[in-house]
Amino acid sequence: MNDFPIEQIRKDFPILDQLVYGKPLAYLDNGATTQKPLRMIEAVNRLHREQNASVHRSVSFLSDKITQAYEEARTTVQKFIGASKSLQIIFTSGTTGSINLVAFSFGEGILEPGDEIIISTMEHHSNIVPWQMVCERHGARLRIIPITDEGDLDLDAYQNLFSDRTRMVAVTHVSNVLGTINPVKEIVQIAHSHRVPILLDGAQGVQHEPVNVVDLDCDFYVFSGHKIYGPTGIGILYGKEEWLERLPPYQGGGDMIDRVTFEKTTYNGLPFKFEAGTTNFIGAIGLAESLNYLTGIGLDKIIRYEHELRDYATQKLSGIKQLRMYGTSAEKAAIFSFVLEGIHPFDTGMIIDKFGVAVRTGTHCTMPLMQRFGIEGTVRASLCLYNTTDEIDRLHDALNSVIDLMA
Amino acid sequence: MEIIDIQKEIVEEFAGLGEWMERYNYLIDLGKSLPLIDQAYRNDEYLIRGCQSRVWLNADLREGKIYYTADSDAIITKGIASLMIRIFTGHTPDEILNTDLGFIEEIGLKEHLSPTRSNGLVSMINQMRYYAMAYKAKQQNL
């Protein structure tokens, strides 16, 4: 860990330098949202102060400049995930917005009664409910990939779920609860061997794992800006060009049209066909700034550091004998879901908050996964590039205090 | 004792406690000593929705006064339930409906009133008052 510039990185995130309840903040809730580097905060500030104007619409100097920055941001995202063309990058409001877009348009364009969509037991509600809604509208149904007790997808069962009615697979890249890094390349190949397209939910993937959509060969990849150190309210939908061309638009409005009359509207080309109305262009440029920040540090270095944190935390937490970990896959990100024996996650979270340790408790928007394990919820600590072994020690000590207090 | 006096009594008890650790300790002890709700009421019908922890609440009317019992799977929530029961139980529906619960802020539990805490204090209070309203309506119809 010695070559990782952790002290400088912590300085890049101004929010980390504060006391809560008189204790230094240990922010371990990065799966919910990540903190923001100063460089992004300043870029967004500067855009509002100096460059704000409508994109793709006006002829003014400012509008031209911000449109250029917006399209550069698209290219930055394209390069970050290894897409071949920038028109494959659609700016949305977030992962949820992206999945709703694909689900809706796929439903309108493709689905018929009796068709099937495959998802998994470990999906976030955002990758369940939009598909459920579209199934209800079109008379289709969901098929669910089971998981093992360790929190791995059962790939044999996955294979067996395909039928001649399977139209889509939607699976998460990294589980927001279990931390499991799914073998997505293999999962994509299996879907394609059945000639079925696949969407990967990268909300917890893109910031913890290298992503190259061409190499993965997935048909759609979606993620949120705010979970990768970017602004809130901006997200990405990557799609293969042929799919994005084939799907009908999701929302109607300005910028997504080619020509409008009261009788008939023809639509704009990609990517604008899916970007109705004034988009969150400042969010998009802010996101690009955060991605450039990560590239500047070096993604490989970040991933190596996060894996070291993961190993340290796994070892440290295993020392608490009352701690039951959910998600023990051999392939996992630095996300830890657990329950202290006989102690409600809510009590645990409430108490360690007073030690300045911020975690999330509850069902983490994965109620079916909680049902799978027969539990009401977990405590979740999710780490990222600015966390330290010292913070893991503090989590460990705070958990021991909980055990003492509740004894 | 009047509801207002019980509130004063609780405020005084908390004033004697130090920082948060002692307050939580106190709530945890209260939670442990809360008489459990009858198993017959520990089901979905008596479950208060919208809490991160589960809270079951029942209320009986005897001689014009309401008697509450509750349970929760989280101990701090249970301690808070115990405080609320101590305040409301054995009082008439009118007394329960016309009470200002200023003590919550005075004992430093205001953070539990925030909806983001989702620990059910707000839902718990609402549910206790719904019972009072229902029993009041029932009495008036008799």
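## A strand covered on both sides

Both faces of strand β9 of chain A are covered: A:Phe220, A:Val222 and A:Ser224 are buried on one side, and A:Tyr221 and A:Phe223 on the other. Here, buried stands for 20 or more other C-beta atoms within 10 Å of a residue's own, exposed for 12 or fewer, and partly exposed for anything in between, with C-beta atoms placed from the backbone. Since 5 of the 5 residues of β9(A) are buried, the strand is largely enclosed by the rest of the structure. In a regular strand the side chains alternate between the two faces of the sheet.

A word on what you are looking at: this is a predicted model, in which local features need pLDDT of at least 70 and side-chain atom pairs count only at pLDDT 80 or more, while totals for chains, interfaces and linings use all residues. Residues are numbered from 1 along each chain as its sequence is written, and chains are lettered from A and ligands numbered from 1 in the order in which they are written.

## The sheet around it

On one partner strand, β10 (residues 235-239) of chain A, β9(A) runs antiparallel over 5 bridges, and A:Phe223 has A:Ile236 as its bridge partner. With β8 (residues 198-201) of chain A, β9(A) (residues 220-224) pairs in the parallel sense over 3 bridges; there A:Leu199 stands opposite A:Phe220. Strands and helices are DSSP runs numbered from the N terminus (E, at least two residues, for strands; H or I, at least four, for helices), and two strands pair if DSSP finds at least two bridges between them.

These strands belong to an open sheet of 7 strands in chain A, ordered β4-β10-β9-β8-β7-β5-β6 with mixed pairing. Its edge strands, each pairing on one side only, are β4 (89-92) and β6 (141-145). On average, neighbouring strands are turned by 20° against each other, direction ignored. Helix α5 (residues 129-138) of chain A packs on the sheet, touching β5 (116-120), β6 and β7 (166-172), and its direction makes about 145° with that of β6(A). Such angles run from 0 to 180 degrees between N-to-C directions, with axes fitted to C-alpha atoms, for helices over the stretch in contact.

Chain A is divided into domain 1 (6-30 + 298-406) and domain 2 (41-295), with bounds from an automatic or database domain assignment. Their centres, taken over C-alpha atoms, are separated by 28 Å. The contact takes 23 residues from domain 1 and 25 residues from domain 2, where contact means C-beta atoms, placed from the backbone, within 7 Å. On the domain 1 side, α11(A) gives the most, with 4 residues.

The largest nonpolar core has 141 residues, and among those with the most contacts inside it are A:Phe220, A:Tyr221 and B:Met84. Such a core is a set of buried Ala, Val, Leu, Ile, Met, Phe, Trp, Tyr and Cys residues joined through C-beta atoms within 7 Å. Its largest share, 9 residues, comes from helix α3 (residues 75-88) of chain B. Both domains of chain A give residues to this core, so it lies between them.

## Where chain B meets chain A

The contact between the chains takes 13 residues from chain B and 12 residues from chain A. On the chain B side, α2 (20-33) and α3 each supply at least two residues, and α2(B) contributes the largest share, 4 residues. Leaving aside neighbours within four places in sequence, B:Met84 is in contact with B:Met124, B:Ile125 and B:Met128.

Conventions:
Contact = placed C-beta atoms within 7 Å.
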